[in-house]
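This report describes one protein model for a reader who is new to structural terms. Please keep the sequence and the structure in view while reading.

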Amino acid sequence: MLARLCCASLRGLDAEAVDVEVDLSRGLPSWSLVGLPEGAVREARDRIRSAVVNSGFEFPLRRITVNLSPADRRKDGSHFDLAIAIALLKASGQLFEQPQLPLLAGNRSKISTQESPFLIGELALDGRLNPVNGVLSLALFARKQGFSALILPKENCREAAAVEGLTVYAAEHLLAVVEHISGKLQLQQTSIQAETDATQRKDPDMADIRGQQQARRALEIAAAGGHHLLMSGPPGVGKSMLAKRLPGILPPLTIEQSLEVTRIYSVSGDNSRSPMSLRPPLRQPHHSASDVAIIGGGSNPKPGEISKANYGILFLDELAEHKRVVLDTLRQPLEDGSVSVARAADTIEFPARFQLIAAMNPCPCGYLGHPARACRCSPSQIRRYMGRISGPLLDRFDLRIHVPPVEHRELSRMQPGEDSATVAARVLRARDIQYSRLGSGQVNARMDASAIEMHAKPDEDGARLIDRAMNHFSLSARSYHRILKVARTIADLAASDEVNATHVAEALQYRGEDLLNMP
């Protein structure tokens, strides 16, 4: 009267082995679920009872004990429902399958290949299988543990099909799962492959932008080298328009990168992105977002916006309107490419290799320096407004530019600029140069001091120019390195082996020191 199945619980982006044990013993009918279950797991009793009865089976009138082992690790999520229900039917003798190898306690990291499939799914009251979160992480765990087959809700098949070496079966009802395991019915095998298209919808095109040549150039440099970009200018000059066109000129994600991004969205329960899409993600949180929403966290830590922007863009519009504490928490992830969410019981690390693109007004009213409209702000108001952004955060932007307004008469006479495909081709060539120099997936923005000394050291004229700029603007050592990184990217776009004075001079144009020296 005992049945045991292997399942898994989610911890961050990874999955940990969990033994689902169901024991039926004599005594008054009761249900006891142990093993540190959270709310969604504790509520499984009522879902499973109704699903079993409404699928034509008998719910055992016994003393039922369900153990989720190891008992000292917290279990959360509704994906345990299907495994518990199948184990219950096996223990009560209503489901028969071929015997399988025993699961040895204490050897969960080396579970032998299982004859039975790995089971994932939430049960509705009528026995239907509802989709769950974290399927990709669970599927990767199943493959690692030696399972060759996976049964899960139909809506989750696209994610699981991206894992090579697993036969994925789509199930819509508990009864179909029982018949498949007992050999009475063969579930439909899904063969959905990872997307080969970089996008499912057409990206906004760079050709839509009229004028703004410096901003277009800065956007191209940011895309080529993975640099962080800050744009300042009056309302309506096209800052948001520029930022939303950046994903269209970035290289598509690799399969490995897409797999990691899909895991993040799957664990967080965010369905806004197609599984295994090769399009770099673009996240645009509102300035009212909390630090937990941006960084990640919660009682059961989930990825935040910076992790959902992994290998893509985090666009912060109205930068000075964001909470100061939120902006300051970005400083460490910007440097490390990851974020650690510490709680009393555990510490979870999430990837955060995002590219920060920000836009802001030069003052509270937005019209400081406007050629036609007067600014209404006092110097003290401007200082307070700019004081919301710390100097260390500003220093982490490789590119800082002012986006001026364009006269509507000039706008109507201007010809469309280069389209995204043309710019993307140049960006891809520059990226290929960086990958051959630094290694696959490594961009100039991520170079450390030794790599800068080796690959971005300017020639004699370039060195003299940057020395004069350092003395004149009193730049920090971080600024010095960031100027050289940008100059290296400009040289890569020009297919130049060395960094010369021309490249350094252009890099200096994008420092935007006026942002630091506001009245």
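## Backbone geometry in the loops

Ala-495 is found in the loop between α20 (477-493) and α21 (501-509). Helices (H or I, at least four residues) and strands (E, at least two) are DSSP runs, numbered from the N terminus. The model is predicted: local features need pLDDT of at least 70, side-chain atom pairs count only at pLDDT 80 or more, and totals for chains, interfaces and linings use all residues. Residues are numbered from 1 along each chain as its sequence is written, and side-chain values use heavy atoms, with hydrogens and water left out.

Most residues other than glycine have a negative phi, and most peptide bonds are trans. Ala-495 has a positive phi of about 55° although it is not a glycine. Is this residue buried or exposed? Ala-495 is exposed, its relative accessible area being 60%; buried means under 20% relative accessible area, exposed over 50%, and partly exposed in between (1.4 Å probe, protein chains only). Leu-36, in the loop between β3 (30-34) and α1 (39-42), also has a positive phi, near 55°. Leu-36 counts as partly exposed, at 45% relative accessibility. A cis peptide bond, with omega about 5°, joins Ser-69 and Pro-70. Pro-70 lies in the loop between β4 (63-69) and α3 (81-91).

## The chain as a whole

The protein chain has 21 helices and 19 strands. Its C-alpha trace spans about 85 × 45 × 45 Å along the principal axes. Of its 519 residues, 52% count as buried.

Contact means heavy atoms within 4.5 Å. Among contacts in the chain between residues at least 6 apart in sequence, 74% join residues at least 24 apart. A separate pair, described by its C-alpha atoms, is Arg-464 and Ala-501, which are 37 residues apart in sequence and 8.5 Å apart in space. Arg-464 is found in helix α19 (residues 460-473) and is partly exposed, with a relative accessible area of 40%.

In helix α2 (residues 44-54), the buried residues are Ala-44, Arg-47, Ile-48, Ala-51 and Val-52. They lie on the same side of α2, because they cover an arc of only 120° around the axis. The arc is that of the directions from the helix axis to the C-beta atoms. These buried residues pack against β3, α1, α3, β6 (122-123) and α6 (174-181). Just after α2, Gly-56 takes a positive phi of about 95°.

Helix α14 (residues 379-386) has Ile-382, Tyr-385 and Met-386 buried. Seen down the axis of α14, its buried residues fall within an arc of 90°, so they line one face of the helix. Their cover includes β18 (355-360).

## Nonpolar cores

In soluble globular proteins, nonpolar side chains tend to be buried together. A nonpolar core is a set of buried Ala, Val, Leu, Ile, Met, Phe, Trp, Tyr and Cys residues joined through side-chain atoms within 4.5 Å. Which residues have the most contacts inside the largest nonpolar core? They are Leu-229, Met-231, Leu-246, Ile-357 and Ile-401, in a core of 48 residues. Leaving aside neighbours within four places in sequence, Leu-229 is in contact with residues including Ala-218, Leu-219, Leu-356, Ile-357, Phe-397 and Ile-401. Apart from this core lies another, of 43 residues, among them Val-20, Phe-59, Ile-86 and Leu-129.

## Pockets

On a 1 Å grid over the protein atoms alone, a pocket is an open set of points where a 1.4 Å probe fits, with protein on both sides within 12 Å along at least five of seven lines; lining residues have an atom within 4 Å of a point. Grid points are joined across faces, edges and corners, and a volume is the space filled by probe spheres set on the points. About 700 Å³ of space lies in the largest pocket. Of the 33 residues that line this pocket, the closest to its centre are Gln-257, Tyr-311, Arg-353, Gly-441 and Val-443. Helix α9 (255-268) gives the most to the lining, with five residues.

The second largest pocket holds about 540 Å³ of space. Of its 27 lining residues, the closest to its centre are Leu-10, Arg-11, Arg-74, Asp-76 and Asn-300. Strand β1 (residues 2-11) supplies the largest share of this lining, three residues.
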